[in-house]
Amino acid sequence: MPIYLPSAFCAGVLLSFALPAAPPFWLFAVWAACAVPILRRFPRTAVFVLLTCAGTAYGVWRTEQALAARWPLERQGEAVEMTVRAAGLAQDDGRRVRLEAEAETAGGRRYRVQLSDYQRREWPAGSVWRLKLKMRPPIGEENIGGFSREAWALANGIDALATAGAERQLLADRENGFSDGRLRGHIRSSWQRLPPEVADGAALMRALSIGEQDALSGGWWQVFRPLGLNHLISVSGLHVGMVALLAAWLMKRLLLLLPAAPRRPRVSMLAAGAAAALVYSGLAGFAVPTLRSMLMIASVAAVWSLGGTASAWRGWWAALALILLLDPSAALAAGSWLSFGLVAALLWADSFRTGGGKRWISALRGQWAATLASLPAVGFLFSALPPASPLANAAAIPWFSWLLVPLALTASLFPFYPLQYAAAWLGQHTLHVLAAMAEFAPEWGLAAAPWPLLLSALAAVAVWLLPRGAALRPWATIVLTGFLLYRPAPPTEGRLKMVVLDVGQGLAVYFQTASHHLLFDTGTAGAAQMQTLPALHAHG
């Protein structure tokens, strides 16, 4: 399949999210009609235009459908009696219990909600209740820089934010039978029986094995941020890929022990890797980011197995097109950009190399490519750069992927107390080492760069990764320096700039004049780190 086919569709879907408003669909017909006259003379150009038009129309249509499925804005705050099924593991942050649930009205309309219970009651996975919910749609809650609740909700299929009422009635307790969360609940309970001295280590094991990221307190996430290790404390595409690779390697060793090798050993290895990835994703509750990682790994591996870097690029584009076809809102997920951007940087850095070379040189080249690619991506998405990230990731990635993740999975599926205690003890000491490193790890705040500067920074990264790009590297260095040092101009004399920030529980307001800055309210400690500070960095 030519690369321009999936790339045209992907460009169209991404363009749909850049439009200021949803255009009428007759406009797409006009766009497609303009490509028909050039179809005979320039067929590739015409096909590219038609596929881009189709991708844009498809992205608009699917997004409009997702927005129409949300709780109506005019009914915000209304208490409605609903039937609620607990779809995920409940998390108690000391102030409320929070979980994902499926809510159904008396008329049969269903919504996927993020449910908050300030009475902090038990919500067994799979249990069904009848109670009143106060519902509100996640609309308009977006900051420049930091966490965007609206984009997060759309990318994860959340239709409403709900607050549980005081009274509830149990309709069915699925814990007595099979439910999709029963195994995960048992695994969590087995880790919770460990003594308090390894409680944080056990929480880390739960995050790595069943994707229970909220098991770790907010303080630990502040430790990971300046080290650039947040992506490791989850069931990420990196971990899913490593587990699949480990399973394939074990299958290869097993086949070597057989008296007669099968006719197609690669099929057995691929099947073992796919099965391991499927089981791991199931333990994580088939979360939306995990499913995207599975699709990406499967598509890239299937095409890459044909051989050659060109095939790898076809796999990259095929994976991106497949994910955007199944879920166009993946374009709003920061994890999608980081995952695909990292793989693209590695492919680009390897596209112009010949010969195998030593493995440690290839590893250093890959780390260099990942570090460069992360500069514009992480800076734009999170308005901050962790300078210690390359060194921290170089040590932490093999430690987590090859030791902690397999150990967490083994101890979860075979919950013997000594094995779980040893895993939690190792996780506890890992966290303490990371906390000591974070004490000396600075952060560099970045202002939100305009689109021309961001695109120039991406081009500069591509130049730096070229083996013979030395002639343009001075230009690339200047562009990247400008991206890192960019600050927006302050208001002129006599003008006031006011920015209202969403901090979860109300609003913070930032005022800026030509010579003064004023911040009114910061939100909670967690909101300040995840929303307020990145927004302030984004505004310079």
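**Exercise 1.** Determine the handedness of the crossing of α14 and α15 and the relative direction of these helices.

*Solution.* The crossing of α14 and α15 is left-handed, a term used if the near helix is turned anticlockwise from the far one by less than a right angle. The axes of α14 (residues 389-413) and α15 (residues 417-438) come within 10 Å and cross at roughly 160 degrees. Angles over 145 degrees count as roughly antiparallel; α14 and α15 are therefore roughly antiparallel to each other.

The model is predicted, with local features needing pLDDT of at least 70 and side-chain atom pairs counting only at pLDDT 80 or more, while totals for chains, interfaces and linings use all residues. Residues are numbered from 1 along each chain as its sequence is written, and side-chain values use heavy atoms, without hydrogens and water.

**Exercise 2.** Trace the pairing of strands β9, β10 and β11.

*Solution.* Two strands pair if DSSP finds at least two bridges between them. First, β9 (residues 497-502) runs antiparallel to β10 (residues 507-512), joined by 6 bridges; Leu 501 has Ala 508 in β10 as its bridge partner. Next, 4 bridges join β10 to the antiparallel strand β11 (residues 517-520), where Leu 519 is the bridge partner of Tyr 510. Finally, β10 and β11 form a hairpin with 4 residues between them.

**Exercise 3.** Locate the kink in α18 and state what follows this helix.

*Solution.* Helix α18 comprises residues 525-538. Its kink of about 30 degrees lies at Thr 532, shortly before Pro 534; the bend is the angle between axes fitted to the seven residues ending there and the seven starting there. Both Thr 532 and Pro 534 are buried (under 20% relative accessible area, 1.4 Å probe, protein chains only). Just after α18, Gly 540 takes a positive phi of about 85 degrees.

Conventions:
Helices (H or I, at least four residues) and strands (E, at least two) are DSSP runs, numbered from the N terminus. The expected span of a helix is 1.5 Å times one less than its number of residues. Buried means under 20% relative accessible area, exposed over 50%, partly exposed in between (1.4 Å probe, protein chains only). Axes are lines fitted to C-alpha atoms, for helices over the stretch in contact, and angles run from 0 to 180 degrees between N-to-C directions. Angles under 35 degrees count as roughly parallel, over 145 as roughly antiparallel, 65 to 115 as roughly perpendicular and the rest as oblique.
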